Amino acid sequence: MSNPVRADGEIVLRVEDLHKAYADNQVLRGVSLRLLKGETKVVIGPSGTGKSTLLRCINALSVPDRGRVWLEETEVTDRHVDINKVRAKIGFVFQSFNLFSHLTALHNVRIGPMRVRGMSKAEAGRLAMEELERVGLADKASAYPAELSGGQKQRVSIARALAMFPTLILFDEPTSALDPELIGEVLEVMIGLAKDGMTMLVVSHEMGFARAVADEILFMEHGGIVEQAPPERLFARPENERTAQFLRKLTELYGE
Amino acid sequence: MERGTLRVSQGTKGGGVETILQSLQPLIVKGVPLTIALTLGLLGMGLALGFPLAFAQVYGYRPLRWLCATYEQTFRGIPALVLILLFHSGLALSFHILLPAFVSALIALGLRSSAYQSQIFRGAIQSVSEGQMLAARSLGMSKLQAIRHIILPQALRLSIPSWTNEFSSVLKDTSLASAIGVVELAKEGTLIMTRIQHALGARWILAIWLVVSIIYLVLTALGNRGLGFLENRLRIPGFETRGKVER
């Protein structure tokens, strides 16, 4: 699926040589990657490999010990950069949704445009409604998070990210906390986004999703990227023995 | 005082019960308003100080956190009566700063309540899950915005039940202000007791204090009702503070 049009496309995200340790635990050992505009890359790998930490370092929820991150022209890792402005352009979808529990679905989506982008209440409200429609939840606008299913919560949280008109969206295992029958509705929304040209970095073991829309799959282990390739090639001819083993395990677990 | 003596001397002609009823009037007319004013005043003061204290303790830098913790432990560690005496007699006699008794009581009890309230709010803030702050920050909100729009509204809701408890306890603590001559409910009771004892004898004294007790009871119940109503009004699905176990 490597797209020749994108080969000289605009670089949205550039990560160079990221290192991060928590106490004695070296989580990231020199991770580098690039995302072009409109690309979707999927990160896989055993747990504790630093996949989530990688995402958190990209929007500076965690501060890397070494290495740099650029979002388009802005260096995220520059200490003098206004990090709130950078984060406003990077959507983040959490495994545990983290919807604001005291706000309705509509208000969850509206609050970012209103408080961060300075939109009027009415304008932000209209935008929020559009984004809820986009994820198929217009009818749940006035429901509180506790009244939604896991799948619905995650779709609201995607709408919340979209309402910020992000340059890039980071997904941290967006379907891992969901009951199996709810995974489909979330993946469907994500596939739609990828096809609409959203730039996405997705930590997920949903190989169906990866096959459908990923430009590349990155296999991470022990804090580094072991192998990266377009899905068909990675599935057909993994170069690294560890990658092959891991992919076999995934297929055993989830089937095809 | 002359007003009181006058009324009692009139009352003696009309019989015991009438005298009692007349003497009790100042309880309602003067004692109750003053008790309410002192309660509201000190709760307001405690709220105004307690909230920033709580946020400073959770989100502040280390020296600030330490300072707030020391403040809070100091004011929780001194008996209310001792604080009142310190802010009234202590200041007056040692430094010639003579504050009106009401003001001394307000400050002493207000500072004390701010320490307790900061504990209530701190607990509430800390029970808002960390993911809420993460999500707010990842949208590009500043820490202050996240606190104001996300953490605060949730913490406030969570703190209402404990705050109701604090209300009940400070309402009753205002009676300690009688020690420095604030004529609130308890002090009014004492004054009436003296008058009645002279006019009708000691056996009515129990009745006086029963009436005073009932007034406190009613005020506490009314306040709890009001706060319970507020709790219900602000209730959000999934945010119930009282979980239900049905069996």
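Just after helix 6 of chain A, Gly197(A) adopts a positive phi of about 95°, where helices (H or I, at least four residues) and strands (E, at least two) are DSSP runs numbered from the N terminus. The model is a predicted one, in which local features need pLDDT of at least 70 and side-chain atom pairs count only at pLDDT 80 or more, whereas totals for chains, interfaces and linings use all residues. Residues are numbered from 1 along each chain as its sequence is written, and chains are lettered from A and ligands numbered from 1 in the order in which they are written.

Helix 6 of chain A, residues 180-195, comprises 16 residues and reaches 23 Å from its first C-alpha to its last, close to the 22 Å expected at 1.5 Å a residue, the expected span being 1.5 Å times one less than the number of residues. Within this helix, Ile183(A), Val186(A), Leu187(A), Val189(A), Met190(A), Leu193(A) and Ala194(A) are buried; a residue is taken as buried if 20 or more other C-beta atoms, placed from the backbone, lie within 10 Å of its own, as exposed if 12 or fewer do, and as partly exposed in between. These residues lie on the same side of helix 6 of chain A because they cover an arc of only 160° around the axis, the arc being that of the directions from the helix axis to the C-beta atoms. The face turned away from the buried side carries the exposed residues Glu181(A) and Lys195(A). The cover over the buried residues of helix 6 of chain A includes strand 3 (40-44), helix 5 (150-162), strand 8 (200-203) and helix 7 (207-213) of chain A.

Strand 3 of chain A is itself largely enclosed by the rest of the structure, because five of its five residues are buried. Thr40(A), Val42(A) and Ile44(A) point one way from this strand, while Lys41(A) and Val43(A) point the other way. In a regular strand the side chains alternate between the two faces of the sheet. Strand 3 of chain A runs parallel to strand 8 of chain A, to which four bridges join it, and pairing requires that DSSP find at least two bridges between two strands. Val43(A) stands opposite Val203(A) in strand 8 of chain A. Four bridges also join strand 3 of chain A to strand 9 (residues 216-221) of chain A, again in parallel, and in strand 9 the bridge partner of Lys41(A) is Glu216(A).

Val43(A) is also one of the residues that touch the most other members of the largest nonpolar core, which has 100 residues; such a core is a set of buried Ala, Val, Leu, Ile, Met, Phe, Trp, Tyr and Cys residues joined through C-beta atoms within 7 Å. Helix 6 of chain A gives the most to this core, with seven residues. A second, separate core of 19 residues includes Leu83(B), Ile84(B), Leu106(B) and Val182(B).

Two residues other than glycine have positive phi values. Asn98(A), with a phi of about 50°, is found in the loop between strand 6 (90-93) and helix 3 (105-115) of chain A and counts as buried, with 23 C-beta neighbours inside 10 Å. His96(B), with a phi near 55°, is found in the loop between helix 4 (80-95) and helix 5 (101-127) of chain B and is exposed, with 7 other C-beta atoms within 10 Å.

Conventions: Contact = placed C-beta atoms within 7 Å.
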